[in-house]
Amino acid sequence: MKRMIPAALVALGLVVLNIAARVIVEVTGQADDPDAQFTIGLYATVGMALVTLAVTAVWGTRRPVDRLVSELGAAVLAAVLVSVFVAPLVVGGNPFSGGASWIFIQLLFFGGVCGAGALLGYLIITIVALDYRSQNLRQVERHYGARAAARAAGKTGKTGKQNKAGGKPRQQGGKKKSPAKKTEATPVEDAKATDADTDAEAESIETTAETTAETETSGSAKA
């Protein structure tokens, strides 16, 4: 029921425009002037077309096409029927005075004008990609784009962890000390070392000789 209230308001607005045009013709005394009636009726018809255009542009961004056609179509159909069969009675006219052909022409005219306005309004919002379907497609694209970006970020993180895990192991215990380099002795140091060895051998020989002499001396005394 709540969904039909906006459609009823649209139909009421269209009917009011048609009745207003008929009242203006009667009040201004131009009922016998075909040109004046045509001009005022044209303004009212253009107003009806603009109303349907604006309503389609607004509803088309919030409703799918099937719901838009059903609700706006019902509003336009009701407004056209009331404008043809009821509006003439408001100003004291007879809706059947022109015959069935005139009624058919009015139905076709009002319905065609309102339908053209609705079609133009929907084309405008479709061109600028503001219709309900285009907005849903953008939402779906953003949703799946965000999911794809999240997956790509997750794969990149896993690859980075694997690369870190497969890297070269760190050396434990700090840096290894390099072995000490052997220093080569200079000729002067070699000569000093040779002299020291010679002196040590000479002292050893002298000590041995003294010990031998003392031993022989002690042996002779005992004899």
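Glutamate 71 sits at 3% relative accessibility, so it counts as buried. Buried means under 20% relative accessible area, exposed means over 50%, and partly exposed is in between, with a 1.4 Å probe and protein chains only. Keep in mind that this is a predicted model: local features need pLDDT of at least 70, side-chain atom pairs count only at pLDDT 80 or more, and totals for chains, interfaces and linings use all residues. Residues are numbered from 1 along each chain as its sequence is written, and side-chain values use heavy atoms, with hydrogens and water left out.

What does glutamate 71 pair with? Arginine 67 forms a salt bridge with glutamate 71, with the closest N and O atoms 2.8 Å apart. A salt bridge here is a side-chain nitrogen of Lys or Arg within 4 Å of a carboxyl oxygen of Asp or Glu. These two residues are four apart in helix H3, so about one helical turn separates them. Helices are DSSP runs (H or I, at least four residues), numbered from the N terminus. Arginine 67 is at 27% relative accessibility, so it counts as partly exposed.

Arginine 63 also bridges to glutamate 71, at 3.0 Å between the closest N and O atoms. Arginine 63 and glutamate 71 are both buried. So we have a network of salt bridges linking Arg63, Arg67 and Glu71. The count of salt bridges comes to two.

Now the core. The largest nonpolar core has 19 residues. That means buried Ala, Val, Leu, Ile, Met, Phe, Trp, Tyr and Cys residues joined through side-chain atoms within 4.5 Å. H3 gives the most, with seven residues. Val10, Leu14, Trp59, Leu72 and Val76 have the most contacts inside the core. Valine 76 touches Leu14, Thr52 and Cys114, leaving out residues up to four places away in sequence. Contact means heavy atoms within 4.5 Å.

On to H1, residues 4-27. Its buried residues include Ala7, Val10, Leu14 and Asn18. The buried residues of H1 pack against H2, H3, H4 and H5. Just after H1, glycine 29 takes a positive phi of about 70°.

Last, confidence. The chain averages a pLDDT of 77, and 69% of the residues score at least 70. pLDDT is the predictor's confidence in each residue, from 0 to 100. Over residues 172-188 the pLDDT is below 50, with one contact beyond near neighbours in sequence. Residues 219-223 are also below 50, with zero such contacts.

Definitions and conventions. Expected span 1.5 Å × (residues − 1).
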